[in-house]
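Work through the exercises below with the model open. Each task is followed by a solution in steps.

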Amino acid sequence: MMSNKIALSLRFFFFFVSIAIVIASKSASANLFTSTDSLSLLENACSTEVGSYQQLSDLTQQIAASENLETARALALTPTDEAIDALKNARTIMPFSDELQMAENRLSDARNRILLASSQKQVADEFSGIMLASLDDDQAARVDLGKVSCNYSTGEVIAIVIGLILGIIPGLILLIVLC
């Protein structure tokens, strides 16, 4: 009974936070930068330019330079799993969101490719592929040079907020995946 009340309270909290963010995003349009301030990230549109997100670039370099394959996988899977968890949580609030389901499926596919990677460099490549090609397995990169404006649905904003609560990296992954 108590856990149901907590779950309901969390849903209302995320609902009101997402409404506030949507209202704020209607009046703000900018480009993402490397700030670690979570709320400022939501005020900005996403950029699909490779290297636009310093935290992701740094993590990709750490993965490639890790001392063994298991460490590389752990570095790549931790934020990927947190982003998947954020999508799952958002889907409990917005269960009929096709965008969230498709993003979760694509992110899960990327996770599987990370698990199958045979070297630290390949793990880093698969992790960076999440950002580079919007999870298209590096086959059809949707990379536009310059800045791109993103229009996030309410469900996507909820997922991004949850991702940012879990950490900057999962939030950034979702900003890109859902853009």
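A residue counts as exposed when its relative accessible area is over 50%, and as buried when that area is under 20%. The model is predicted.

**Exercise 1.** Decide whether A65 is buried or exposed, and give its C-alpha distance to K121.

*Solution.* Step one: locate the residue; A65 lies in helix α3. Step two: take its relative accessible area, which is 63%. That value is over the 50% cut-off, so A65 is exposed. Step three: turn to the pair. A65 and K121 are separated by 56 residues in sequence, and their C-alpha atoms lie 7.8 Å apart.

**Exercise 2.** Classify E104 as buried or exposed, and list the residues it touches beyond four places away in sequence.

*Solution.* Step one: E104 belongs to helix α5, residues 98-116. Step two: its relative accessible area is 9%. Because buried means under 20%, E104 is buried. Step three: leaving out residues up to four places away in sequence, E104 touches I84, L87, K88 and R91.

**Exercise 3.** Determine how helices α3 and α4 are oriented to each other, and describe their contact.

*Solution.* Step one: identify the segments, α3 at residues 54-65 and α4 at residues 69-93. Step two: their axes come within 7 Å and cross at roughly 150°. Angles over 145 degrees count as roughly antiparallel, so α3 is roughly antiparallel to α4. Step three: the crossing of α3 and α4 is left-handed. Step four: α3 contributes L59, Q62 and I63 to the contact, while α4 contributes A72, L75, A76 and P79. These contact residues of α3 and α4 comprise six nonpolar, one polar and no charged.

**Exercise 4.** How many residues of helix α8 are buried?

*Solution.* Step one: α8 covers residues 168-177. Step two: 10 of its 10 residues are buried. Among them are I168, P170, G171 and V177.

Technical notes:
Residues are numbered from 1 along each chain as its sequence is written. This is a predicted model: local features need pLDDT of at least 70, side-chain atom pairs count only at pLDDT 80 or more; totals for chains, interfaces and linings use all residues. Side-chain values use heavy atoms; hydrogens and water are left out. Axes are lines fitted to C-alpha atoms, for helices over the stretch in contact, and angles run from 0 to 180 degrees between N-to-C directions. Helices (H or I, at least four residues) and strands (E, at least two) are DSSP runs, numbered from the N terminus. Angles under 35 degrees count as roughly parallel, over 145 as roughly antiparallel, 65 to 115 as roughly perpendicular and the rest as oblique. A crossing is left-handed if the near helix is turned anticlockwise from the far one by less than a right angle, and right-handed if clockwise. Contact means heavy atoms within 4.5 Å. Ala, Val, Leu, Ile, Met, Phe, Trp, Tyr, Cys and Pro count as nonpolar, Asp, Glu, Lys and Arg as charged, and the others, Gly among them, as polar. Buried means under 20% relative accessible area, exposed over 50%, partly exposed in between (1.4 Å probe, protein chains only).
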